[in-house]
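Visitor: I am new to reading protein models, and I would like to go through one slowly, question by question. Could we put it up and begin with the overall picture?

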Amino acid sequence: MEPGMRIHLPVSVAEGEIKRRYETIPTATLHPNKDEIEYLKRLVIHRDSAILVLNKPPKVPMKGHLPVHNSMDVLAAAALSYGNEEGPKLVHRLDRESSGLILMGRTKESFTRLHWLFTSINLARTTSQTWNKACEAYMQKYWALVIGTPKEREGVISAPISKVLLDDGKAERVILAHPSGIDGAQEAITEYRVMGPTINGCSWIELRPLTGRKHQLRVHCAEALGTPIVGDYRYGWFVHQRWKQNPHPDFEPFTGEPYKLRRPEGLEVQKGSVLSKVPLLHLHCREMVIPNIAKFLSSTGEWHDHGAPWAKEKPSLLRFIAPMSPHMKISWNVMSSYLV
């Protein structure tokens, strides 16, 4: 290279989406490029003075560490400050392979109180009945496509889980805790509901976690219900092998005629869907109801137990619904004729 020489880049490089960063970049010095900022802003579905709500795509890591620098927390903190001195912080997490709603606190006070709520409602309680009532309405609902169908159409899974270390401590796996009790076992409770008939050997189910343990929904589906989530090869590898090898003749519930999957032709987006040889994880955080914390916080961070005087007309609750990622939309379209 010599001074004055020109470098011509193709459009695909100049206007690419988020680029993987292989070199070590300290978080404090990370400056997202224009494409990354625009990409992240398209994920935002709600913004107010206290919180941000994003619809996370699959395969994007949540928390950065030495080998990961394009994670949601690092990029959002650098790109989504919207004029604040500090960027938003993650209130909770989703698995890297999962998609759906994630909540970020824009101030120290909003992050702390919402993090307490996601940990335990008792931690979030105050002397305010209005706030406490809003906290009691908090919930998350996930949609998942599972292999097989649960024996009962709906129910509550109360099965403690534990972590075990593998490969000399280099990896870990979450399992159901033994009834006799294992050190480190954590309470884990999930409500579930089957949303329709079994089609092509799979069922759509709705999951509502009442506790927030790592891999809770994946372990409860695979080990407690015996129906691992499509694309979850960590907890359902052998079931996936049997499912892909064996045909699944299904019948329409009303006519009794053989059910045929509606396979759209010529669609590259089939990659990762149930039509793919190697589907992606079909677990999506679709719905979330949380207290409208901006109603109780002033611009200076002062807390108002009964709501700020200027915010009396604001609702006490916020409800969000996130569209499914493309691979789950395809699976939904080809397998959802008789969902209820």
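**A guided look at the fold**

Guide: The secondary structure of this protein chain comes to nine helices and twelve strands, and please keep in mind that the model is predicted.

Visitor: What share of the residues of the protein chain counts as buried?

Guide: A residue is called buried when its relative accessible area is under 20%. When that cut-off is applied to the 340 residues of the protein chain, the share that counts as buried is 46%.

Visitor: Is strand β10 largely enclosed or open, and how many of its residues are buried?

Guide: Strand β10 covers residues 202-209, and it is largely enclosed by the rest of the structure. The reason lies in the count, because of its eight residues the number that are buried is seven.

Visitor: Which strands are joined to β10 by bridges?

Guide: Strand β5, made of residues 139-147, runs antiparallel to β10 and is joined to it by six bridges; within this pairing, W143 has E206 as its bridge partner. Another strand, covering residues 189-194, also runs antiparallel to β10, with five bridges between them. The strands asked for are therefore β5 and β9, each of them paired with the largely enclosed β10.

Visitor: Are the partners D232 and R218 buried or exposed?

Guide: The side chains of D232 and R218 meet in a salt bridge of 2.8 Å, N to O. D232 lies in the loop between α7 and α8, while R218 lies in helix α7, so the pair ties together parts that are 14 residues apart in sequence. With the cut-off for buried at under 20%, the 1% relative accessibility of D232 and the 6% of R218 both lead to the word buried.

Visitor: Where do the buried residues of helix α9 sit around its axis, and what do they pack against?

Guide: The buried residues of α9, which covers residues 326-335, are H327, M328, I330, S331, V334 and M335. They cover an arc of only 155° around the axis, which puts them on the same side of α9. An α-helix has 3.6 residues a turn, so residues three or four places apart point the same way. The elements that these buried residues of α9 pack against are β4, β5, β10 and β11.

Key: Residues numbered from 1 in each chain as written. Predicted model: local features only at pLDDT ≥ 70, side-chain atom pairs only at ≥ 80, totals over all residues. Heavy atoms only, no water. Buried < 20%, exposed > 50% of the residue type's maximum accessible area, 1.4 Å probe, protein only. Helix = DSSP H or I, 4+ residues; strand = E, 2+ residues; numbered from the N terminus. Pairing = 2+ DSSP bridges. Arc of directions from axis to C-beta. Contact = heavy atoms within 4.5 Å. Salt bridge = Lys/Arg side-chain N within 4 Å of Asp/Glu carboxyl O.
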